[in-house]
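Please work through the following exercises with the sequence and the structure at hand. Each task is followed by a solution in steps.

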Amino acid sequence: MINAPQTARARGRPRAFARDKALYAAALTFWRLGYEGASIVDLTAAMGITAQSLYAAFGSKAALYEEALDAYQTSIGAYTARALAEEPTAIGAFVRILTESALEFTRSDQPKGCMISTATLACAEEHRPLALKVAALRSDTLAAFEARLERGIVQGDLEPDADTGALARFMGAIIQGMSVQAQDGASQSDLMQIVQIAQAELSRHGHRDRKATVPVIT
């Protein structure tokens, strides 16, 4: 889950609440209820603060949501960027992302699915700027996927004619679908079956001289 960092107590007058801990609680509330579904009452109850303190610390509900999204990306959601950077092959990176998604999306100690994959898909017009921000986060992920696939071609682990744009969107669609299914009650085992099928599709685009099977972590 998003870890609430422990901060040293500052000298002088203590703050009314621990900001990082409150942000963590807000992120879980937004993740569970969605932006429009999470009321100020829901947020302040989860954060253990008053509405006045919320606005004083974060400015607005929208600003709090944006900060919660950033916190998610740099904590729970960081496994995607790590896999893209650390795995030596493109196929290995995406199998790792899918496998870790299956684990994260079904954990019992946090809301199901992904906070960003299916966030703010539809909203009231006044919240359109937030929807555009979340859509931009998803677009950035697709761009990172495509860049890793392009690097896979250069490194020789994907066929030169692999359609990297289509494969990146395929990966995005699979992850978003897994998120929805996890929210609907799919188990880790259910999602791992999807991972295995997606792995087989990815492997079809592996370089013909490097067709070694990438094991699925179970």
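**Exercise 1.** Determine whether Tyr35 and Tyr65 are buried or exposed, and describe how their rings are arranged.

*Solution.* Step 1: Tyr35 is buried, as is Tyr65; buried means under 20% relative accessible area, exposed over 50%, and partly exposed in between, with a 1.4 Å probe and protein chains only. The model is predicted: local features need pLDDT of at least 70, side-chain atom pairs count only at pLDDT 80 or more, and totals for chains, interfaces and linings use all residues. Residues are numbered from 1 along each chain as its sequence is written, and side-chain values use heavy atoms, with hydrogens and water left out.

Step 1: Tyr35 and Tyr65 form a tilted aromatic pair, 4.9 Å centre to centre with 50° between the planes. Rings of Phe, Tyr and Trp (its six-membered ring) pair if their centres lie within 6.5 Å; planes under 30 degrees apart count as stacked, over 60 as edge-to-face and the rest as tilted.

Step 2: This pair links distant parts of the chain, 30 residues apart: Tyr35 lies in the loop between helix 1 (19-33) and helix 2 (40-47), and Tyr65 in helix 4 (residues 61-73). Helices (H or I, at least four residues) are DSSP runs, numbered from the N terminus.

**Exercise 2.** Describe how helix 7 and helix 8 cross.

*Solution.* Step 1: The axes of helix 7 (residues 128-155) and helix 8 (residues 164-183) come within 8 Å and cross at roughly 130°. Axes are lines fitted to C-alpha atoms, for helices over the stretch in contact, and angles run from 0 to 180 degrees between N-to-C directions.

Step 1: The two helices are therefore oblique to each other; angles under 35 degrees count as roughly parallel, over 145 as roughly antiparallel, 65 to 115 as roughly perpendicular and the rest as oblique.

**Exercise 3.** Locate Glu159 and list what it touches.

*Solution.* Step 1: Glu159 is in the loop between helix 7 and helix 8. Step 2: Glu159 is buried, with a relative accessible area of 15%. Step 3: Not counting residues up to four places away in sequence, Glu159 touches Ile153, His205, Gly206, His207 and Arg208, where contact means heavy atoms within 4.5 Å.
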